[in-house]
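Dear colleague,

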Amino acid sequence: MSSLPVTDPVPAHVAPGPIGSRIDDWWARVLRTPTRLRIWYWGAPIGVTLLAAVLRLWDLGSPHSLVFDETFYVKDSWSLLHLGYEGSWPDKADQQFNAGNTDIFTSSPSFVAHPPLGKWLIALGMATTGAGNSFGWRVSTAVVGILAVLVVFLIARALFSSTVIAAIAGFLMAIDGHAIVMSRVALLDNSVMFFGLLAFGCILLDRRWHATRLAAAVSAARSAGRDPAWGPVLWWRPWLIAAGILCGLCAGVKWSGFYFLAFFAVYTVVVDAVARRRAGLAFYLSGAALKQGPATFVLMVPIALVVYISTWTGWIVTDGGYYRHWAEATHLQWGGALSWVPLWLQNLWHYQTEMYNYSINLHVPHPYQSNPLTWLFMIRPTSMYYVGTTQGQGGCDVSSCSAAITSLGNPLIWWAGAAAVFYLIYRLARYREWQIGLILTGLAAGYLPWLLYINRTIFQFYSIAFEPYLILGLAAAIAVVLGRRTDPTPRRRRGIAWVAVFLGVSALLTAYFWPIWTGEQIPFWFWQMHMWLPSWV
């Protein structure tokens with residue numbers, strides 16, 4: 001079976017996967033000494049994380065203006081911090097908020113379409129700086145984006161047993177424009193991406209944990225003369241429990257987090273079946289589906305639901321939230337077999353149904369809504385901020401200027417990533433590499449559910465939820481280009497050259513597109529030069 005290559009030596013305590021080889025002679029010759037290898041092993045993640053920090057924190061408070069959906073989430077976060085629930089704001093509150101008059105919310109509740117956890121995270125930043133500081137509006141989202149780069153690096157190293165491939169993955173995530181923009185605006189989707197990514201990492205760790213302990217349990221049963229045909233049910237799976245917790249937190253930001261829970265749970269059952277077959281169990285499919293499958297459900301789903309409900313604690317322990325006393329006010333308390341359910345839970349359930357009805361029926365046209373079928377190809381990125389000025393206005397010293405924030409990814413990274421996805425689908429079908437299957441599962445969890453809502457008002461920036469897996473898939477394709485240590489030297493040199501050119505051009509494109517990711521004022525003609533497709537305008 002063919003395998004993906006790994007291009008650098010790793011410390012002995014890092015277990016290599018079946019993809020690629022463990023030691024790269026070329027890279028070892030470049031670094032030469034164990035000390036340099038050790039510095040590279042620890043320095044690479046620090047380097048890509050610092051790069052991500054610079055690109056996400058630099059001039060983060062600019063523009064000092066609520067952009068796009070910050071008008072909802074920043075103001076909701078501020079009232080949430082003071083009331084425990086989202087309060088109401090007067091008409092045209094944005095101008096006053098931008099000017100520093102931030103305490104104009106009322107205790108009258110506001111209906112919201114998303115759970116509160118993401119807004120609590122935004123509120124943490126505002127609690128440290130005050131609501132008058134636009135850096136504070138966005139710093140929590142920026143920190144989440146920075147940490148996501150580090151997590152992508154660590155997951156890539158665990159998947160490919162290669163610090164080189166991990167560094168490439170982290171570097172690409174750090175410099176991509178879509179990831180940068182979504183880390184520099186106070187929206188919820190970056191947090192959805194982060195909690196989903198952490199859950200993905202836990203599923204990766206559980207895969208090894210479960211396979212090792214299943215094999216040990218089967219071996220012990222055979223040594224004791226017992227028939228392990230169905231195999232044991234393993235209940236102590238800490239990484240699976242952690243994944244359930246993180247999926248609950250993910251759903252506490254946006255309900256799309258439940259899709260990660262569903263996809264990861266199904267993936268786990270499939271992986272369990274494979275592990276049982278490798279352990280030599282006769283009924284590995286039925287054992288996984290009928291024995292370990294229900295255990296997986298119990299370990300992941302109830303705890304995810306409990307965690308999700310806990311994210312509503314502020315609403316539960318206060319009295320003023322929207323629908324907080326709906327059952328009492330309408331005299332529609334549940335009766336019969338459900339009469340024991342606490343009123344706060346009845347009210348919360350009603351709130352959830354109203355949120356669902358609102359979300360599923362959202363068909364208000366928006367100039368930047370996009371069809372999810374086009375997301376991989378960046379056909380309609382979201383313009384989150386645009387201010388046009390003429391000479392003499394706001395420091396514009398040419399005939400006309402533009403300042404824009406557009407959630408446009410680095411074109412080379414995204415288009416190469418889209419091509420890599422189709423290649424990896426082919427590769428999975430041909431070679432059945434588990435790393436590829438896991439990456440595509442993460443991608444599917446963040447992407448495929450949106451195909452059910454093509455007629456809804458949805459946006460390209462939602463794709464941040466699956467961008468880490470797009471990057472990991474691209475890194476896997478790059479590993480193939482780099483080749484194995486056993487490949488002929490000319491083949492390796494060509495692969496290294498092609499990858500170096502790709503990374504260099506990607507970095508240049510990041511520098512080129514930087515102004516339209518960060519709201520910098522540039523000449524209008526220069527802004528036009530960045531609009532490569534008519535649909536980007």
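Buried area here means the accessible area, taken with a 1.4 Å probe, that two parts lose on being put together, summed over both. Please bear in mind that this is a predicted model.

The domain assignment of the protein chain gives domain 1 at 192–322 and domain 2 at 326–361. Their C-alpha centres lie 29 Å apart. On the side of domain 1, W255, W312 and W315 supply 63% of the area buried against domain 2, more than any other three residues.

In terms of contacts, seven residues of domain 1 touch eight residues of domain 2. Between the two domains there are zero salt bridges, and one residue pair is in polar contact, both residues being at pLDDT 80 or more. The elements that give two or more residues to the side of domain 1 touching domain 2 are α12 (284–310) and α13 (313–317). By class, the residues on that side of domain 1 divide into seven nonpolar, no polar and no charged.

As for annotation, an unreviewed UniProt entry places the feature "domain: ArnT-like N-terminal" at residues 48–270. Over residues 48–270 the chain is 69% helix and 3% strand, and the end C-alpha atoms of this stretch are 34 Å apart.

With kind regards

Notes
Residues numbered from 1 in each chain as written. Predicted model: local features only at pLDDT ≥ 70, side-chain atom pairs only at ≥ 80, totals over all residues. Heavy atoms only, no water. Domains from an automatic or database assignment. Contact = heavy atoms within 4.5 Å. Salt bridge = Lys/Arg side-chain N within 4 Å of Asp/Glu carboxyl O. Polar contact = N/O pair within 3.5 Å; in protein donor to acceptor, adjacent residues only side chain to side chain. Helix = DSSP H or I, 4+ residues; strand = E, 2+ residues; numbered from the N terminus. Nonpolar A, V, L, I, M, F, W, Y, C, P; charged D, E, K, R; others polar. UniProt positions renumbered as here; feature names shortened; annotations may be inferred.
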